[in-house]
Amino acid sequence: VVINELMLDPRPVFGTNNNTRDEFIELRNITAQPAPLFDPAAPTNTWKLGGAVDFTLPPGLTLPAGGHLLVVGFDPTWQPVDLNAFRAVYGLSPTVTIVGPYQGNLNNAGERVKLYKPDPPQVGGPDAGFVPSVLVDSVRYDVLEPWPTNVNATGLSLQRVVDADFGDDPVNWQAATPTPGAANPTSASTNLPPVLAAIGQRSGPEGVLLTFTASATDPN
């Protein structure tokens, strides 16, 4: 499971106020198997976010293979007006899972977001029962080069380019139209490498300049 998309500075909808309602963090299961976001041996011990925001995921959540989960700054259960407005902004279907609220917000100037899973509880000794956290993914995003510089109040989000590549590499992120609850258009599952046409072999006497030509097609 990785941090797949960050909407850190949505278009303002409340005058000049920072629009934190439409912020979101998207998690994605990049494996071919369901991913329980809890310790199966201790189901009350769940995954959590840290850094820019703090949020402990509710019990019982499992991401299907290739599935997505949105974490927001409002309470989807007790703030239905905000939930409906959020879904309308991004055109989300009711099947997209949304949880919250996280504490804090995504800093518009850059910050770190961390994803943790619970380790088995400690057995015996003074730390008996303590549940360590294991870092699963981390993104230290920024709004200055080499990170994309056009995500502040433009309606664009930061999106991971290759799901399995390093999260802290700015080359692996781009600004694009938000795709919450769906695969990024630049993800490894949809962005295939160019295909080079075969150019054959050429040879000539030593010292003679040879010219080669090739063509490439981009599947998408």
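Start with the open sheet of five strands, ordered 11-7-6-12-13 with antiparallel pairing. Strands here are DSSP runs of E, at least two residues long, numbered from the N terminus; two of them pair if DSSP finds at least two bridges between them. Select the edges: strand 11 (103-104) and strand 13 (133-142) each pair on one side only.

This is a predicted model, where local features need pLDDT of at least 70, side-chain atom pairs count only at pLDDT 80 or more, and totals for chains, interfaces and linings use all residues. Residues are numbered from 1 along each chain as its sequence is written, and side-chain values use heavy atoms, leaving out hydrogens and water.

Next, select strand 12 (residues 110-118). Nine bridges join strand 12 to strand 13, and the two run antiparallel. Glu111 stands opposite Tyr141 in strand 13.

Now show the largest nonpolar core, of 31 residues. Such a core is a set of buried Ala, Val, Leu, Ile, Met, Phe, Trp, Tyr and Cys residues joined through side-chain atoms within 4.5 Å. Buried means under 20% relative accessible area (1.4 Å probe, protein chains only). Ile3, Ile25, Leu27, Leu106, Val113 and Tyr141 have the most contacts inside this core. Another core lies apart from it, with eleven residues, including Leu70 and Phe86.

Finish at Asn184, in the loop between strand 15 (173-176) and strand 16 (195-196). Asn184 is buried, at 0% relative accessible area. Its side chain reaches the backbone oxygen of Arg160 at 3.1 Å. The Asn184 side chain also makes a polar contact with the side chain of Thr179 (3.0 Å). A polar contact is a pair of N or O atoms within 3.5 Å; within protein, one must be able to donate a hydrogen and the other to accept it, and residues adjacent in sequence count only if both atoms are side-chain atoms.

Conventions
Helix = DSSP H or I, 4+ residues; strand = E, 2+ residues; numbered from the N terminus. Buried < 20%, exposed > 50% of the residue type's maximum accessible area, 1.4 Å probe, protein only.
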